[in-house]
Amino acid sequence: SQKAKDAVLIPRYVRVNELKTTVDKMIKVFKQEGYTFSFIKDEHLADLLVFHPRADFHDHPHYLAGDIILQDKASCFPAHVAQIPKDAHAIDACAAPGNKTSHLSSLLKNTGRIWAFDLDQRRLNTLKKLTNKAGCKNIDAIHGSFLEADPMDPKFDKVEYFLLDPSCSGSGIISRLDHLIDDEDEHEADGAKDERLQNLSDFQISVIEHAMKFPRAKRIVYSTCSIHAQENEHVVQTILTKHPDFSLAPRSSVLPTWQRRGLPNEMSLFNDQAQNVVRTLPSEDLTNGFFVACFVRHQQTGVKRP
Ligand code: SAM
């Protein structure tokens with residue numbers, strides 16, 4: 001199938017956990033191990049190294065020690081797009097198993113505070129293990145629905161940044177060679193699929209709207225590993241229509257050099273803004289299929305929108 005062909009192409013991405021080591025130190029280690037000509041620094045993300053698809057680091061001592069994280073390139077986008085300054089407070093609303101949480105923690109250099117919610121206790125336990133192993137000290141894991149979190153709770157007083165990576169269809173996920181999985185999406189009847197996507201997008205919209213209720217929310221990153229417009233551009237269009245106090249962060253702060261942007265025809269009310277969101281396409285971009293948008297609250301001076 002196409003997915004199997006794409007899997008062959010997806011490189012092994014290695015994210016360097018800067019809480020424990022540095023990119024330069026890891027490059028030195030890999031060179032000493034003989035990888036001299038078989039990896040490069042990623043051209044978009046400073047903490048990412050790119051290896052041959054068959055490179056396997058699951059038993060590597062630096063992986064076992066939490067110095068490196070095996071994470072697809074596209075799923076490293078949201079934490080970078082969040083641009084959280086040191087000491088800031090953030091909520092990771094749908095956080096388990098925690099790769100993006102540990103990435104946020106790494107970019108914050110263990111300063112500030114990250115509240116990591118997940119509904120699923122077992123997955124939250126995985127998050128706790130993974131973030132401990134990664135040396136994260138600025139994370140509070142909360143078992144429960146983010147939708148039930150009280151935006152007026154004093155402990156969230158300083159929260160300005162949100163990473164929202166809610167459940168999605170997963171239609172962008174290309175199984176790697178070492179993790180072949182079946183794609184249910186391809187076998188589903190059209191009616192059932194439409195209903196499932198509708199339910200997912202209703203949930204995704206409710207998660208974004210809940211984040212917008214936090215009084216100091218100012219930068220909200222939304223991501224999916226879906227290639228369906230219903231979970232991506234359509235969700236963005238609904239939010240922009242219903243919440244004129246928020247707009248999309250400009251392309252200049254959302255991976256400006258990444259070429260593949262949103263589909264203008266799928267957000268026709270705001271088609272000039274499709275360039276502000278990011279898409280990835282497995283067959284072309286050597287990553288899983290992914291989508292990232294970033295909402296920002298207007299300053300009091302109020303930028304006028306059409
Ligand atoms: N961000 C994670 C990462 O990078 O490792 C992956 C998140 S996964 C796409 C979505 C997660 O949302 C699941 O772990 C699911 O249990 C959780 N979830 C679903 N509904 C939720 C809710 N209402 N509140 C909090 N978490 C929820």
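**Reading domains and a helix crossing**

Me: How many residues of domain 1 and of domain 2 are in contact?

Reply: Two residues are in contact if their C-beta atoms, placed from the backbone, lie within 7 Å. Here 23 residues of domain 1 are in contact with 27 residues of domain 2. The model is predicted: local features need pLDDT of at least 70, side-chain atom pairs count only at pLDDT 80 or more, and totals for chains, interfaces and linings use all residues. Residues are numbered from 1 along each chain as its sequence is written.

Me: Where do domain 1 and domain 2 lie in the protein chain?

Reply: Domain bounds come from an automatic or database domain assignment. Domain 1 covers 2-72 and domain 2 covers 75-297. Their centres, taken over C-alpha atoms, are separated by 23 Å.

Me: What radius of gyration does the protein chain have?

Reply: The radius of gyration is taken over C-alpha atoms, and the globule rule is 2.2 Å times the number of residues to the power 0.38. For 306 residues a compact globule would have a value near 19 Å, and the protein chain agrees because it has 19 Å.

Me: At what angle do the axes of helix 5 and helix 6 cross?

Reply: Helices (H or I, at least four residues) are DSSP runs, numbered from the N terminus. Axes are lines fitted to C-alpha atoms, for helices over the stretch in contact, with angles from 0 to 180 degrees between N-to-C directions. Helix 5 (residues 99-107) and helix 6 (residues 121-133) have axes that come within 9 Å and cross at roughly 30°. Thr101, Ser102 and Ser105 of helix 5 make the contact with Leu127, Leu130 and Thr131 of helix 6.

Terms used: Helices (H or I, at least four residues) and strands (E, at least two) are DSSP runs, numbered from the N terminus.
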